[in-house]
Structures are given as structure tokens and as C-alpha cells.
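Here is a friendly briefing to read alongside the model. Please have the sequence and the coordinates open as you go.

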Amino acid sequence: MRCGSHTQPSTGKQVCEPQKITVGGIVAGGEKMEASMPEVVGDVGELAAIVRRTAQQEALNLVAESQQQGQSILAAAQVEAERIRAAALAAAERRAERECRQLHAQAHLEARRQHFLAREQLLEQVWQMAEDRLHALTSTTEYVDILQSLALAAAKKLASDTVTLAADPVGHPLLTPERLDAWSRSAGVHFVRATQALPTFGGLAATDATGRRQIDATFATRLRLVRETLREDVAALLEVL
């Protein structure tokens with residue numbers, strides 16, 4: 001222990017007193033100073049260590065928390081990505097199915113259209129063949145018999161005493177007075193030939209005495225009526241064939 005000496009005024013003797021020492025703003029003396037200095041110095045080192053450990057722990061906690069948040073964000077992003085991908089796939093599948101249905105419907109309509117066109121073409125061929133055969137009949141010897149049959153059937157429907165007949169350009173000259181007389185005796189009516197032929201092919205037209213009623217027995221009209229009546233039947237037959 002170090003002492004500081006001074007002279008006491010009352011006795012004139014020198015007195016030794018402990019010397020005060022200040023460490024870091026702390027006044028210490030004697031044995032108390034000897035015990036305080038190591039404790040204060042030790043506290044500073046420990047404080048620094050605590051600070052370092054605390055900083056390290058906080059840094060580790062921050063890193064862990066950041067990693068956890070990052071993992072959570074990645075997981076959420078993955079879930080959202082899967083949802084978006086699933087939604088996109090579902091939308092693509094629905095779009096593909098819709099497009100497939102549209103293509104199928106279009107193909108079906110096109111197939112029906114092609115079938116209808118093919119059937120119409122076949123029908124036209126059938127009617128053209130029938131018309132060609134009727135045209136050919138006007139050049140045969142049987143054509144006169146056909147005209148007689150048509151004239152007798154028309155006279156029966158008209159129920160008129162006098163019936164005027166007009167045939168196509170080929171058949172009209174065949175309506176001679178001699179033939180008409182023979183047909184008149186057979187039908188019990190008076191057949192008269194019209195002054196002009198009909199602008200058609202095959203067959204004839206018969207008009208009663210009043211001129212108001214007429215039977216159209218031309219080949220063209222009969223073919224048209226048959227075509228309208230048998231159209232579906234002929235079409236069904238062509239489809240079967």
C-alpha cells in the first residue's frame with residue numbers, strides 16, 4: 001500500500017494516509033481498490049464476449065429466420081406455380097376438347113354436305129336417264145299407242161263431249177283426222193286436234209269444250225310429278241345401293 005505523508009498542524013507530526021487512485025471514473029483506496037480493479041477489468045472483457053455472443057446469436061437467428069421465410073416463400077411459390085400449371089393444363093384440355101368437338105362437328109357437317117351433294121348428283125343422273133328414255137320413246141313406233149292411251153285417260157277425267165288435243169312437235173302431226181276418229185269411237189267423245197303443237201317433249205294436253213279445264217299429260221310434267229313423289233324413295237334406294 002502506498003501512502004501520502006503530510007504534517008498534522010495540531011501536533012506537528014507527519015501522518016501517512018492511503019493514496020486515492022481513480023480507475024475508469026471509480027475512486028478506490030486500500031484493499032478495496034485491490035479487489036475492484038480485477039473485477040472491473042474482468043467485466044469489460046466479459047461484456048465484450050457477451051456482446052459478441054449476442055451478436056452472433058442474433059445473426060444466426062436472423063439467418064435462420066431468413067432461411068425459414070425464404071423456404072416458406074419458395075413453398076408458397078411452388079404451390080402457386082402448381083396451381084397455375086394445373087389451371088393452365090385444365091384450360092388447355094378444355095380448349096383442346098372444345099376444338100376437337102368443333103372439328104368433329106365441322107367434319108360431320110362436311111360429311112353430310114358431301115353425302116347430300118353425292119346423293120343429289122346421283123338423283124340428277126337418275127332423272128336425266130329417265131328423261132332421256134322418255135325422249136327416246138317419241139322416236140319409236142309405240143309412241144302413237146302412248147298418245148292414244150294418254151288421250152283416252154284425259155277424256156275420261158274431263159267428261160266432256162269434245163276434247164281438244166295438243167301434242168309435242170313430234171306427236172302433234174301424228175294426231176291425224178283418221179286416228180282421232182278412231183279414238184273418238186273408242187272413247188265415246190269427239191277428239192279435235194289443236195292448231196298448234198306444245199313447246200315440250202313427249203305426251204299431250206287435253207282441254208274440255210269450255211276451254212277452262214285441262215289435263216296436262218306431257219312427259220315433262222309427268223316426270224316432274226314423279227320426281228317430287230318418288231324423290232325420297234329413290235334417294236333411299238340409292239343409299240342402300
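Predicted model: local features only at pLDDT ≥ 70, side-chain atom pairs only at ≥ 80, totals over all residues.

Residues are numbered from 1 along each chain as its sequence is written, and side-chain values use heavy atoms, with hydrogens and water left out. The protein has four helices and eight strands; these are DSSP runs numbered from the N terminus, with helices being H or I of at least four residues and strands being E of at least two.

**Overall fold and surface**

- Going along the sequence, the elements come in the order β-β-β-β-α-α-β-α-β-β-β-α.
- Of the 241 residues in the protein, 20% are buried. Here buried means under 20% relative accessible area, exposed means over 50%, and partly exposed lies in between, with a 1.4 Å probe and protein chains only.
- The accessible surface comes to about 17,500 Å², and carbon and sulfur atoms account for 57% of that area. Accessible areas come from the Shrake-Rupley method with a 1.4 Å probe, and for residues only the protein chains shown count as cover.
- Taking contacts between residues at least 6 apart in sequence, 62% join residues at least 24 apart. A contact means heavy atoms within 4.5 Å.

**Salt bridges**

- The structure holds four salt bridges, each defined as a side-chain nitrogen of Lys or Arg within 4 Å of a carboxyl oxygen of Asp or Glu.
- One of them pairs glutamate 80 with arginine 83, and their closest N and O atoms are 2.5 Å apart. Both residues sit in helix α1, three residues apart, or about one turn of the helix.
- Glutamate 80 counts as partly exposed because its relative accessibility is 34%, and arginine 83 falls in that class at 49%.
- Glutamate 82 also forms a salt bridge, with arginine 85, where the closest N and O atoms are 3.0 Å apart. About one helical turn separates glutamate 82 and arginine 85, because they are three residues apart in helix α1.
- Glutamate 82 is partly exposed at a relative accessible area of 34%, and arginine 85 is partly exposed at 46%.
- Arginine 227 bridges to glutamate 124, with the closest N and O atoms 2.2 Å apart. Arginine 227 lies in helix α4 (residues 219–240) and glutamate 124 in helix α1, so this pair ties together parts that are 103 residues apart in sequence.
- Arginine 227 is partly exposed at 26% relative accessibility, and glutamate 124 is partly exposed with a relative accessible area of 40%.

**A positive patch**

- Arg94, Arg95, Arg98 and Arg101 form a positive surface patch. Patches are made of residues with over 30% relative accessible area and no salt bridge, joining like charges within 9 Å and nonpolar side chains (Val, Leu, Ile, Met, Phe, Trp, Tyr) within 5 Å.
- For the charges, Lys and Arg count as positive and Asp and Glu as negative, while His and the chain ends are not counted. The place of a charge is taken as NZ of Lys, CZ of Arg, CG of Asp or CD of Glu.
- Arginine 98 belongs to helix α1 (residues 30–137) and is partly exposed, at 41% relative accessibility.

- Alanine 155 is part of helix α2 (residues 143–158). Alanine 155 counts as buried because its relative accessible area is 5%.
- Leaving aside residues up to four places away in sequence, alanine 155 touches Ser160, Val163, Val189 and Phe191.
- Alanine 155 and histidine 190 are 35 residues apart along the chain, and their C-alpha atoms are separated by 9.3 Å.
- Alanine 159 is in the loop between α2 and β5 (162–167). Although alanine 159 is not a glycine, its phi is positive, at about 50°.
- Alanine 159 is exposed, with a relative accessible area of 67%.
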